[in-house]
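Subject: The structure, and what turned up in it

Hello,

Here is the structure I promised to pass on. Please have it open while you read, and my notes follow below.

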Amino acid sequence: MRIFRIIGRSIQNAGKSILRNFSLSMASITCSIITLILVSIGMLLSYNINNITKNIENELTIVIFMDKNITTDELNKTKEDLNNIDNVKHVTFKSKEEIKNNMANENDTFNKIISTWEEGENPLQDSYIIEVKDIKDINETATTIKNMEKVSLVKYGETTVNDLIKVFSAVKKITIGLVVGLILVTAFLINNTIKITIFSRKREIDIMRLVGTSNIVIKLPFFIEGFFIGFIGSLVPVLITIFGYSYAYNALNTVNLSNIMNILTLVSPGEVIYKVSLLLILIGTVIGAFSSVKAVRKYLTIWKRLLFCY
């Protein structure tokens, strides 16, 4: 089983090489740690910004005021028609009596005004509150509802909603661009650091090449070494991600934001830290391994050209 012997020997050589070139290996590992921490922060920000964006979208609703003289049968028919609209997710009915009682309980001024109304006198209107599936189609949905019978008024803050849709779209693009940019910067820095490490050992590569060692056998230890460097470099960012984010989540949860905005809540650690940690390990190991192979291949190409010219 020659292939297994080669792999086993390559793993041993990779471990010895990391220890033998400890300072250069530490430089690569440190570079990986710093850049992957930045990637982790970018990913966590992206997750939470997108979560807050979704929460805000879920809070946006369409309020429908019905005609004052509408009957119970007509209200039921309207609710059925609303549920048949494709973009409608949930329909909540608010009777004018329920609205009156809520107003009286929430505000003393309203309570005094309502108390002057005669028995059975209620100028308010029955209403429906609509939650939509896709905020981008809210304008079209509102237009459809306006054209329904017995609908007196439809309110959903048209200008505000349109502005928010633009902001949401921009924020999502910016966060995705930020994460992609950080990953590219990580790849660039780790690649260059490992490249310096590989080229500092060109004498070792020259000796292996001169004794007739195949390119695969030369590249494999460096591939494994780069994999190890990337893996080791990702461990600290993973630990910082797991414990740091959990600490931040618990610390912010001690602040009561219920009276401000429930939408400003962080994604729970269980939903995000393990995904981010797995991505960090994947990014570190893949970039480390292929950066090493790329650097060795480039040097072997240069060596081959020189040999050919000679």
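This is a predicted model: local features need pLDDT of at least 70, side-chain atom pairs count only at pLDDT 80 or more; totals for chains, interfaces and linings use all residues.

First, a word on naming: helices (H or I, at least four residues) and strands (E, at least two) are DSSP runs, numbered from the N terminus. Residues are numbered from 1 along each chain as its sequence is written.

Let me start with helix H3. This helix covers residues 72-83, twelve in number, and spans 17 Å from its first C-alpha to its last, close to the 16 Å expected at 1.5 Å a residue (the expected span is 1.5 Å times one less than the number of residues). Its buried residues are Leu75, Thr78 and Leu82; buried means under 20% relative accessible area, exposed over 50%, and partly exposed in between, with a 1.4 Å probe and protein chains only. Looking down the axis of H3, these buried residues fall within an arc of 60°, so they line one face of the helix (the arc is that of the directions from the helix axis to the C-beta atoms). Their cover includes strands E1 (61-66), E2 (88-94) and E3 (127-132), as well as helix H6 (138-146). Here contact means heavy atoms within 4.5 Å.

Now to the salt bridges. The term stands for a side-chain nitrogen of Lys or Arg within 4 Å of a carboxyl oxygen of Asp or Glu. How many does a search of the whole structure find? There are three salt bridges.

- Glu74 and Lys150 pair at 3.8 Å, N to O. They link distant parts of the chain, 76 residues apart: Glu74 is in helix H3, and Lys150 is in the loop between H6 and strand E4 (151-155). Glu74 is partly exposed at 27% relative accessibility, and Lys150 is partly exposed at 29%.
- Asp81 and Lys77 pair at 2.9 Å, N to O. Both lie in H3, four residues apart, which is about one turn of the helix. Asp81 is partly exposed at 27%, as is Lys77 at 45%.
- Glu98 and Lys94 pair at 3.4 Å, N to O. Glu98 is partly exposed at 32%, and Lys94 is partly exposed at 24%.

Lys150 has another feature to look at: a positive phi of about 70°, although this residue is not a glycine.

Which charged residue is buried yet has no salt bridge? That is Asp126, whose nearest side chain of opposite charge, Lys96, is 5.2 Å away (Lys and Arg count as positive and Asp and Glu as negative; His and the chain ends are not counted). Asp126 sits in the loop between helix H5 (108-115) and E3. Its side chain does reach the backbone nitrogen of Lys96, at 2.7 Å. Beyond its neighbours within four places in sequence, Asp126 is in contact with several residues, including Leu75, Phe93 and Lys94.

Finally, Ser127 lies in strand E3 and is buried, at 4% relative accessible area. Leaving out residues up to four places away in sequence, Ser127 touches Ile64, Phe65, Thr92, Phe93, Lys94 and Ile99.

Methods:
Side-chain values use heavy atoms; hydrogens and water are left out. A polar contact is a pair of N or O atoms within 3.5 Å; within protein, one must be able to donate a hydrogen and the other to accept it, and residues adjacent in sequence count only if both atoms are side-chain atoms.
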